[in-house]
Amino acid sequence: MQLQSMYQDIILDHYRNPHGRGLRDPFEAEVHHVNPTCGDEVTLRVHLDGDTIADVSYEGMGCSISQASVSAMYDLVLGKSVTDALQTGEQFMTLMQSKGDAAVAERLEDDLEDAVAFAGVSKYPARVKCALMSWMALKDASARALSTAPTGENA
Amino acid sequence: MTATVSRPAGAPVLPLDVEAIRADFPILSRTVRDGRRLVYLDSGATSQKPTSVLDAERHFYENYNAAPHRGAHQLAEEATAAYEAARATIGAFIGAPENEVVFTRNSTEAINLVAYALSNAATAKEPEFRRYAVGQGDEIVVTEMEHHANLLPWQQLCERTGATLRWLGLTDDGRLDLSDLGTVVNERTKLVAVTQQSNILGTINPLGEITARAREVGALVLIDGAQSVPHQPVDVATLGADFLVFSGHKMLGPTGVGVLWGRYEVLDALPPFLTGGSMIEVVRMEGSTFMPPPQRFEAGVPMTAQVIGLGAAVEYLQRLGMANVLAHEEALTAYALEQLQAIPGVTVIGPPDTVARGGAISFTVEGIHPHDVGQVLDDLGIAVRVGHHCAWPVVRRYGVPATTRATFYVHTGYDDIDALVDGVREAQRFFGVAPSDSEGATS
């Protein structure tokens, strides 16, 4: 059975006990992203302290992959600069495009921490979008947060 | 040889010989996901193709490939004859004369053809094309259970023309709420667009009531037959509609061909949607005139091979008999509804019994998102559809984010449904949400 390669225990743990879930104040930007092929949704807020991500809060509904992905992302980006967080997002994108190539997962393991468990998802093209939805929302929200609070002094 | 593949105790003998039919579908002999038998329960999205359809297309390309209705050479003559013979076959399948059968890319394009013709009518230079023009103050009526293909073209038509879109709602058990039919369909209604069989709920709609009301107010009626024409006998002579659309690929035919049937008198009063070669009478730099239907609506070199393939698909279905196809799916649907609803935590979205119901069964599994249900089923070799099934307002109406949907066809047997039911239980085990049996018994 190949299912275990996708549904790693880490993923199922994040799905059952999501980290950082719930919408919180304060925030500089809120975005709503949907996956139009399946109707999965996430509402995501970003709170910046200067250019550091002080909080990412979210609500959403969707499959285990999309929900676990946003939870793992929360752990990864909290306290990072927006630049670093988005770079981590690029690494996650690379992992998702790896088509199950173990070498790619190994190379990214240190940077992606729990999120490297999503390597198995990359073998299923239909599910890659589920894993990427929250990262797309973060990229969008960060860009808006930076443009609405360019100095960060009011954060 | 028995007529069925592993018939469960108490279940009726299926009208179709599943084993013999499966042998006609090459794809059903392949395996998926580490050598598992393919259990294809996604015919509602697209159907598999029997060898006779594949052979018809290949035979065309190998023997008389040419552009029909052009050229005077022998190949062109043969291609034209085959293309028009397929039109006659497909027309006869739904009880229509061939000049009322327009080939489109699929149902979606057929509906768009009508929607654009109705807005083009308002600005047509030919007075005879303005009869069905839609504009400000007019109303278009759809239902809340329509596939996006039978919703968005009408939304867009209303946005282009200033007409108003109205709709019939749904009842809690997945049927049309006709309590306000008399007011929703009224003297301002120009067209009523309704599906004959819901692609997500499986509901078969009471078209007679709707077409009768539309007649009273002089509105046109378009029936979306994408999920009905492949699965039940449909006769346009008794349908009471002005238009019927369906897709070839959902009825054992190739992709890239669909049908718009229209009453000749109505088609003849409509301006074209797409313009170009083939559909013209006389072309001058100052302006042009158009052919009568169906050619007026078939611009460009048509999808000849696909039309011929669809003709072969129709002949295959006719050999089985559409009454048998319907009875076959009714038996499977009854069995599947019973088996699925016996699983604690499974809820069918749509009519829970077989009354006025086709073989599309949508369901949710408590505690597991449909994507995850679909993934477990896929791992077992079972192909279902998950998501909102291009009917987003329907899932919203029933308060679920998405559903898992199984659909049946002529090659489906009881063994496929047993595999589905076992797969759903496996998903519950995998995600640790299998409710105890006592919970199901006491509910």
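How many residues does the contact take from chain A, and how many from chain B? It takes 13 from chain A and 16 from chain B. Keep in mind that this is a predicted model.

**Where the chains meet**
- On the chain A side of the contact with chain B, you'll find seven nonpolar, five polar and one charged residues.

**The two domains of chain B**
- Where the two domains touch, domain 1 of chain B puts in 29 residues and domain 2 of chain B puts in 31 residues.
- On the domain 1 side, the elements giving two or more residues are α11 (322-341), β14 (360-365), α13 (392-397) and β17 (403-407) of chain B.
- Of these, α11(B) supplies the largest share, with five residues.

**A look at V142(B)**
- You'll find V142(B) in strand β5 of chain B, which covers residues 139-143.
- V142(B) counts as buried because it has 25 C-beta neighbours inside 10 Å, and the cut-off for buried is 20 or more.
- Leaving aside residues up to four places away in sequence, V142(B) touches N150(B), L151(B), W154(B), L165(B), W167(B) and A193(B).
- V192(B) is 50 residues away from V142(B) along the chain, yet their C-alpha atoms are separated by 5.9 Å.

Notes: Residues numbered from 1 in each chain as written. Chains lettered and ligands numbered in written order. Predicted model: local features only at pLDDT ≥ 70, side-chain atom pairs only at ≥ 80, totals over all residues. Helix = DSSP H or I, 4+ residues; strand = E, 2+ residues; numbered from the N terminus. Buried ≥ 20, exposed ≤ 12 C-beta atoms within 10 Å, placed from the backbone. Contact = placed C-beta atoms within 7 Å. Nonpolar A, V, L, I, M, F, W, Y, C, P; charged D, E, K, R; others polar.
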